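This report describes the fold, the nonpolar core and selected contacts of one protein model. The sequence and structure are shown first.

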Amino acid sequence: MKCHRLNEVLELLQPYWSKDADLSLMQILQKIADEAGFDKPLTELPDEVVIYHLKMAGKDKFEPIPGIKKDYEEDFKTALLKARGIIK
């Protein structure tokens, strides 16, 4: 894991873990895996799943995915015009 990803995980993990401060790190990771629907062994849990789940924790399930939100347009016509380069 690269340093910036480690920092991101630690920053996202702190508020999530503080809700269940009595759990160990492995228990927290298992909880994240379970909530994310990850059914493989915990040793195979990718950090992308952890980061995404922590970013989306407590958010509305209909909220746009982080990273895609910057390109999100509610109006389909505006999205098409932007995609074609007609408007910015």
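## Nonpolar core

The largest nonpolar core holds 12 residues in all: V9, L12, L13, Y16, I28, I32, A33, F38, L45, V50, I51 and L54. Helices α1, α2 and α3 each contribute at least two residues to this core, and α1 gives the largest share, 4 residues. A nonpolar core is here a set of buried Ala, Val, Leu, Ile, Met, Phe, Trp, Tyr and Cys residues joined through side-chain atoms within 4.5 Å. Buried denotes a relative accessible area under 20%, exposed over 50%, and partly exposed in between, with a 1.4 Å probe and protein chains only.

## Basis of the model

The model is predicted: local features need pLDDT of at least 70, side-chain atom pairs count only at pLDDT 80 or more, and totals for chains, interfaces and linings use all residues. Residues are numbered from 1 along each chain as its sequence is written, and side-chain values use heavy atoms, with hydrogens and water left out.

## Overall architecture

The protein contains 4 helices and 0 strands, in the sequence pattern α-α-α-α. Helices (H or I, at least four residues) and strands (E, at least two) are DSSP runs numbered from the N terminus.

Of the 88 residues in the protein, 19% are buried. The protein exposes about 7000 Å², of which carbon and sulfur atoms supply 56%; accessible areas come from the Shrake-Rupley method with a 1.4 Å probe.

## Packing of α1 and α2

The axes of helix α1 (residues 3-18) and helix α2 (residues 25-35) come within 11 Å and cross at roughly 95°. The two helices α1 and α2 are therefore roughly perpendicular to each other, a term covering angles of 65 to 115 degrees. Axes are lines fitted to C-alpha atoms, for helices over the stretch in contact, and angles run from 0 to 180 degrees between N-to-C directions.

From α1, L13, Y16 and W17 meet L25, I28, K31, I32 and E35 of α2. By class, this contact of α1 with α2 has 6 nonpolar, no polar and 2 charged residues.

Helix α3 (residues 47-56) includes H53. H53 counts as buried because its relative accessibility is 15%. Leaving aside neighbours within four places in sequence, H53 is in contact (heavy atoms within 4.5 Å) with Y16, I32, E35 and A36.

F38 belongs to the largest nonpolar core. Not counting residues up to four places away in sequence, F38 touches A33, E44, L45 and P46.

Note on methods
Parallel < 35°, antiparallel > 145°, perpendicular 65-115°, else oblique. Nonpolar A, V, L, I, M, F, W, Y, C, P; charged D, E, K, R; others polar.
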